[in-house]
Amino acid sequence: MSPASSPLTTRLREIEGRIVRACDRAKRERSSVTLVAVTKTYPIAVVREAMAAGVRHFGENRVQELTQKVREIPGSLGSDEAVWHMIGHIQRNKVRDVLAFADVVHSVDRLELAEELDARARAAGRRLPCFVQVNVSGE
């Protein structure tokens, strides 16, 4: 089956259409939205197929799986290569690996983690884009 007609590329075209329609409704530029393909539990071959279809941002929720995949397909924020997003819970003892392998972190959920990421990133001379999770419902 050619990459242009695989189930993955068919699904990506459907998702792209939904993103374009949502951007039109919100009067936003399509370029202002980033599709992050969550590849947890999928083999590296699927990541390669998605890259061939134009996907560049990939999310992993386990540090070990992130490190394995980044070793196969290195990331580089701001390049045409893969951009790796850490989307899962991070234990403080895994910060070193996250800093070494993730281009973006989505799961900063406590002050101690933010401080650890900041200290290690500064020591490495690196800026690490992060998203902070905030509980606004008070639950």
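# Briefing on a predicted protein chain

Glu72 is partly exposed, with a relative accessible area of 45%, where buried means under 20% relative accessible area, exposed means over 50%, and partly exposed lies in between (1.4 Å probe, protein chains only). This is a predicted model in which local features need pLDDT of at least 70 and side-chain atom pairs count only at pLDDT 80 or more, while totals for chains, interfaces and linings use all residues. Residues are numbered from 1 along each chain as its sequence is written, and side-chain values use heavy atoms, with hydrogens and water left out. The secondary structure of the protein chain comes to five helices and five strands, which are DSSP runs numbered from the N terminus (helices H or I with at least four residues, strands E with at least two).

**Overall layout**

- Of the 139 residues of the protein chain, 32% count as buried.
- Among contacts (heavy atoms within 4.5 Å) between residues at least 6 apart in sequence, 46% join residues at least 24 apart.

**The sheet and the helices that pack on it**

- Five strands form an open sheet with the order β1-β2-β3-β4-β5 and parallel pairing, two strands being paired if DSSP finds at least two bridges between them.
- The edges of the sheet are held by β1 (36–38) and β5 (130–132), each of which has a single partner strand, so one side of each is left without a neighbour in the sheet.
- On average, neighbouring strands of this sheet are turned by 25° against each other, direction ignored; axes are lines fitted to C-alpha atoms (for helices over the stretch in contact), and angles run from 0 to 180 degrees between N-to-C directions.
- Strands β3 and β4 (residues 104–108) pair in the parallel sense over two bridges, and Met86 stands opposite Val105 in β4.
- Helix α3 (residues 63–72) packs on the sheet by touching β2 and β3, and its direction makes about 175° with that of β3.
- Helix α5 (residues 111–123) also packs on the sheet, where it touches β4 and β5, and its direction makes about 155° with that of β4.
- Four of the five residues of β4 are buried, so this strand is largely enclosed by the rest of the structure.

**The nonpolar core and its aromatic pair**

- The largest nonpolar core has 26 residues, of which Phe58, Trp84, Met86, Val98, Val105 and Leu117 touch the most other members; such a core is a set of buried Ala, Val, Leu, Ile, Met, Phe, Trp, Tyr and Cys residues joined through side-chain atoms within 4.5 Å.
- At least two residues of this core come from each of α2 (44–52), α3, β3, α4 (95–101), β4 and α5, and α4 gives the most, with four residues.
- Rings of Phe, Tyr and Trp (its six-membered ring) pair if their centres lie within 6.5 Å, and planes under 30 degrees apart count as stacked, over 60 as edge-to-face and the rest as tilted. By this rule the count comes to one aromatic pair.
- Phe58 and Trp84 form this tilted pair, with 5.4 Å from centre to centre and 35° between the planes.
- The pair links distant parts of the chain, since Phe58 lies in strand β2 (residues 57–60) and Trp84 in strand β3 (residues 83–86), 26 residues apart; Phe58 and Trp84 are both buried.

**Salt bridges**

- The structure holds nine salt bridges, each being a side-chain nitrogen of Lys or Arg within 4 Å of a carboxyl oxygen of Asp or Glu.
- Arg48 forms a salt bridge with Glu72, and their closest N and O atoms are 3.3 Å apart. Arg48 lies in helix α2 and Glu72 in helix α3, so the pair ties together parts that are 24 residues apart in sequence. Arg48 counts as partly exposed, at 42% relative accessibility.
- Arg11 forms a salt bridge with Glu14, with the closest N and O atoms 3.1 Å apart, and both residues lie in helix α1 (residues 7–26), three residues apart, which is about one turn of the helix.
- Glu116 and Arg120 meet through their side chains in a salt bridge (2.8 Å, N to O), and being four residues apart in helix α5, they are separated by about one helical turn. Glu116 is buried, with a relative accessible area of 15%, whereas Arg120 counts as partly exposed at 28% relative accessibility.
- Salt bridges that share partners join Glu60, Glu65 and Lys69 into one network.
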